[in-house]
Amino acid sequence: MEKIEFKTTINATAEKVWDALFGVETYPKWTAVFMEGSRVETDWQKGSKALFLGENGDGMVAVIQDNIPNRYMSIKHLGEIKDGKEDFSGDWGETLENYTLNERDGKTELLIDMGINDDWRDYFEKTWPKALDKVKEIAEKRSEYHVET
C-alpha cells in the first residue's frame with residue numbers, strides 16, 4: 001500500500017478549518033463530493049469507533065487513532081459496512097487517513113495523507129482536490145460555530 005498526499009492553504013484559522021472538517025453540519029457538506037448523503041457516526045475522540053456511511057447505510061468502519069484538536073486527526077480504517085454488516089476481510093487493512101493543520105498568520109495549511117491501493121488511486125486523486133476546495137469554501141465563510149472534538 002502506498003501513501004498519497006493532498007495539500008491546500010485556507011484563508012482561515014486552524015480552528016475554523018477543523019470545524020469545517022469535523023463539524024456535525026459541515027462534515028456532510030464537504031464529504032458529499034465523495035458520496036452524496038455522506039455522514040459520520042462518532043464523537044471524534046481518540047479510541048472511538050467511527051462509521052462513515054452513505055445514504056443507504058453502507059460505508060466504512062474505522063477507529064479514531066489520534067485527535068489533537070485544531071492540529072491533527074488520524075483515522076484508522078478497519079473495514080467496510082455492507083448490508084448493515086461490518087466486514088473486515090477487504091483490502092483496507094487498517095489504512096490510516098491523516099489530517100494535519102498548520103496555522104501561520106491566520107492561514108492554515110491542510111495536509112491530507114492516506115494509505116491507498118492502486119484500485120482506488122485514480123478515484124482519490126480526482127476527488128480529494130474537489131473535497132479540499134469545498135473544505136476551503138466552508139472554512140473561509142464560517143465564523144459562527146466551533147466544535148469540541
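**A loop residue to start with**

Asp83 sits in the loop between E5 and strand E6 (85-87). Keep in mind that what you have on screen is a predicted model. Asp83 is exposed, with a relative accessible area of 69%, and has a positive phi of about 50° even though it isn't a glycine.

**Other loop residues**

- Trp44 is another non-glycine residue with a positive phi, in this case near 65°.
- You'll find Trp44 in the loop between E2 and E3, and with a relative accessible area of 6% it is buried.
- Ser38 belongs to the loop between H2 and strand E2 (39-41).
- Is Ser38 buried or exposed? Its relative accessible area is 11%, and buried means under 20%, so Ser38 counts as buried.
- The side chain of Ser38 gets to the backbone oxygen of Met35 at 2.6 Å.
- A polar atom of that Ser38 side chain also lies 3.3 Å from the backbone oxygen of Thr31.

**How the strands pair up**

- Strand E5 (residues 72-82) runs antiparallel to strand E7 (residues 95-104), and six bridges join the two.
- To see this pairing on screen, look at Lys76, which stands opposite Leu96 in E7.
- E7 also pairs with strand E8 (residues 107-116), again in the antiparallel sense, over eight bridges.
- Which residue in E8 is the bridge partner of Thr100? That would be Leu111.
- E7 and E8 make a hairpin with two residues between them.
- Asp105, in the turn of that hairpin, has a positive phi of about 55°.

**Aromatic pairs**

- The model has 18 aromatic pairs.
- One of them is Tyr99 with Trp128, with ring centres 6.1 Å apart and 65° between the planes, which makes it edge-to-face.
- Tyr99 is in strand E7 and Trp128 in helix H3 (residues 118-141), so this pair ties together parts that are 29 residues apart in sequence.
- How accessible are the two partners? Tyr99 is buried at 3% relative accessibility, and Trp128 is buried too, with a relative accessible area of 1%.

**The largest pocket**

- The largest pocket has a volume of about 600 Å³.
- Its lining comes from 26 residues, and the ones nearest the centre are Phe34, Met35, Phe52, Met60 and Phe124.
- Which elements give two or more residues to that lining? They are helix H2 (27-31), strand E3 (49-53), strand E4 (59-68), E5, E7 and H3.
- E5 gives the largest share of the lining, at five residues.
- By residue type, the lining of the largest pocket splits into 16 nonpolar, five polar and five charged.
- Some names come back here: Met35, whose backbone oxygen is reached by the side chain of Ser38, is listed among the residues nearest the pocket centre.
- E7, the strand that pairs with both E5 and E8, is likewise among the elements that contribute to the lining.

**Helix H1**

- Helix H1 (residues 14-22) is mostly covered, with seven of its nine residues buried.
- Which residues of H1 are buried? They are Ala14, Val17, Trp18, Asp19, Ala20, Leu21 and Phe22.

Definitions and conventions. Residues numbered from 1 in each chain as written. Predicted model: local features only at pLDDT ≥ 70, side-chain atom pairs only at ≥ 80, totals over all residues. Heavy atoms only, no water. Pairing = 2+ DSSP bridges. Helix = DSSP H or I, 4+ residues; strand = E, 2+ residues; numbered from the N terminus. Phe/Tyr/Trp six-rings, centres within 6.5 Å; stacked < 30°, edge-to-face > 60°. Buried < 20%, exposed > 50% of the residue type's maximum accessible area, 1.4 Å probe, protein only. 1 Å grid on protein atoms, 1.4 Å probe; cavity = no way out; pocket = protein on both sides within 12 Å on 5 of 7 lines; lining within 4 Å. Points joined across faces, edges and corners; volume = space filled by probe spheres on them. Nonpolar A, V, L, I, M, F, W, Y, C, P; charged D, E, K, R; others polar. Polar contact = N/O pair within 3.5 Å; in protein donor to acceptor, adjacent residues only side chain to side chain.
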